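User: Please take a close look at one part of this model, a strand and its neighbours in the sheet, and then turn to the ligand.

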Amino acid sequence: MKRLFLILFAASTLGMMENTLRFDQSKETTQSLTMPSGETVTYKAWEGIYFVTNIEDSVYQTLNFYFPDGADQNTPILLRTYVGGYMASTAKSPSADDATGRALLEGYAVCIPGSRGSNSTVKRGGGTIYTGRAPAALLDLKAAVRYLKFNDQLMPGDANRIISDGTSAGGAMSALLGATGNHPLYQPYLQAMGAAPATDDIFAAVCYCPITDLDYADAAYEWLYFNVRSEDDSHDTLSKLLASTYLSRINALNMRSIFTGEPVNPTNYRDYVKQFLINSLQHAQDEGTDLPDSIGIVRFEQRSMPFAAMTDGNRPPVDGRAAPMMGRGGLMQFAPRKSEFIIDLNLDTYLRYVASTQPLKQVPAFDALNILGGEASAENNVFGDDKGNPANFSLTVTHVNGTVIDQATQKRVRLYNPMCFIDDMQSSVAPNWYIRHGARDRDTAFTVSINLATKLSNSGRNVDFALPYNRPHSGDYNLNDLFRWIKSIAE
Ligand code: DHB
């Protein structure tokens, strides 16, 4: 009897929940946006939809949904998160200046969910509760995905083709959505929140400068920048120590080169990283950008060409490989010329140029709280407690003073690290990835994005990855390129 009652109770709760989370098409408005080109895009809008039934924070746990004229049930959905600095973010309207407006113009549906974050609070029992510590933002975004999937038949657009997009901490969220689809570790939280009974894997993840792999981010940063930190830096010892620990991380990741398929190991890792930068520089140059040699570029030196190489005995080849010059004595000579081919990069010179455009972060760059006088970082805040106190979260503190991070925090750090899930058979990892990290973005080491792209590529995912030249920490740029890629996966 008691058991029957429980079953009936569970069924009716589920029924109620399903009703509350059912999409209401009638609440539609029509909106439009004028794009920078002067074009106007018109779309239907549904705003302020709660995506969980146990709403903890009514300011953030809502989503907005937009659907352009001419789209249909098969139209992919761009899910844009505006998470920045690991802070809370409300559901926003589309913008003509970023991928949301462009997506509508290109005929895609757009979903912009809000999510709790390190600074979101509610009043409860006379006190202030911090609602957005890790893993809250990711859970909200997953709940938004579940809402779209649960209502796929009722809502326009194809929830089996969700493309997430975010920048920086938002890029990390996008990577997490992509890497942790349907993973059972998140299920108890989502269930407690009253997320819709649906899957939460996505079709594609667009990640601009993801600030992720947080447990190893300090080591990565020092491994990359140690040589270019100023010599009298009192933080030298810690920088060196952190840098040295990164090599075991590289070993453990067990990566194969995207270029050659060869194993990536601590010995060849610096060259591997350099190759991504060389490719980026070569690409910029091929597109017509003038690159200063002073940033560490080494070009192939074209040798003077012997006369025998001339095609008809007295004229040089006409393909521009070596231009003739008249020497002072009137004799035909060949000027030694630097070729267009960038064959090497002095990495430290290049990194000094990066640091000259924006000062490096302090040591340590992420888990800074109370270490060498450091203040709480965005990451210390998001791993803080429900009273708003920031906390240490990584091996960095263990290296400094032997403090071991408690198990609960370790678990939350893991739940925020996409690298832990790429090879996990219980995860439905997105098949498509677009990852960009500006080639002068010093907010986290290039290696964070390089390793993410490499692991995904090694595991057979379709990865479009680049370090665009001269880009600082930013996102939703070169939208022509992004939408070329989206088109290529959506067709
Ligand atoms: C962001 C930037 C950072 O440098 C960081 O450590 C965390 C987040 C951001 O812009 O979201």
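Analyst: What follows goes through the strands, then a loop residue, and then the surroundings of the ligand.

This is a predicted model, in which local features need pLDDT of at least 70 and side-chain atom pairs count only at pLDDT 80 or more, while totals for chains, interfaces and linings use all residues. Residues are numbered from 1 along each chain as its sequence is written, and side-chain values use heavy atoms, with hydrogens and water left out.

Strand E8 spans residues 162–167, and six of its six residues are buried (under 20% relative accessible area, with exposed over 50% and partly exposed in between, for a 1.4 Å probe and protein chains only). Helices (H or I, at least four residues) and strands (E, at least two) are DSSP runs, numbered from the N terminus. Ile 162, Ser 164 and Gly 166 point one way from E8, whereas Ile 163, Asp 165 and Thr 167 point the other way.

E8 runs parallel to E4 (residues 77–80), to which four bridges join it; two strands pair if DSSP finds at least two bridges between them. Within this pairing, Ile 77 has Ile 162 as its bridge partner, and Leu 78 stands opposite Ile 163. E8 is also joined by five bridges to the parallel strand E9 (residues 204–208), where Ala 205 stands opposite Ser 164.

In E4, Ile 77 and Leu 79 point one way and Leu 78 and Arg 80 the other, and all are buried. Three bridges join E4 to the parallel strand E5 (residues 109–113), with Cys 111 as the bridge partner of Leu 79.

The loop between helix H3 (136–150) and E8 holds Asn 151, which is buried with a relative accessible area of 1%. A polar atom of the Asn 151 side chain lies 2.9 Å from the backbone oxygen of Leu 21, a polar contact (a pair of N or O atoms within 3.5 Å; within protein, one must be able to donate a hydrogen and the other to accept it, and residues adjacent in sequence count only if both atoms are side-chain atoms).

Turning to the ligand, the residues that surround it include Gly 84, Ser 168, Ala 169, Glu 379 and Asp 443 (a heavy atom within 4 Å). A side-chain N or O atom of Ser 168 is 2.7 Å from a ligand oxygen, and polar side-chain atoms of Glu 379 and Asp 443 each lie 2.6 Å from an oxygen atom of the ligand.
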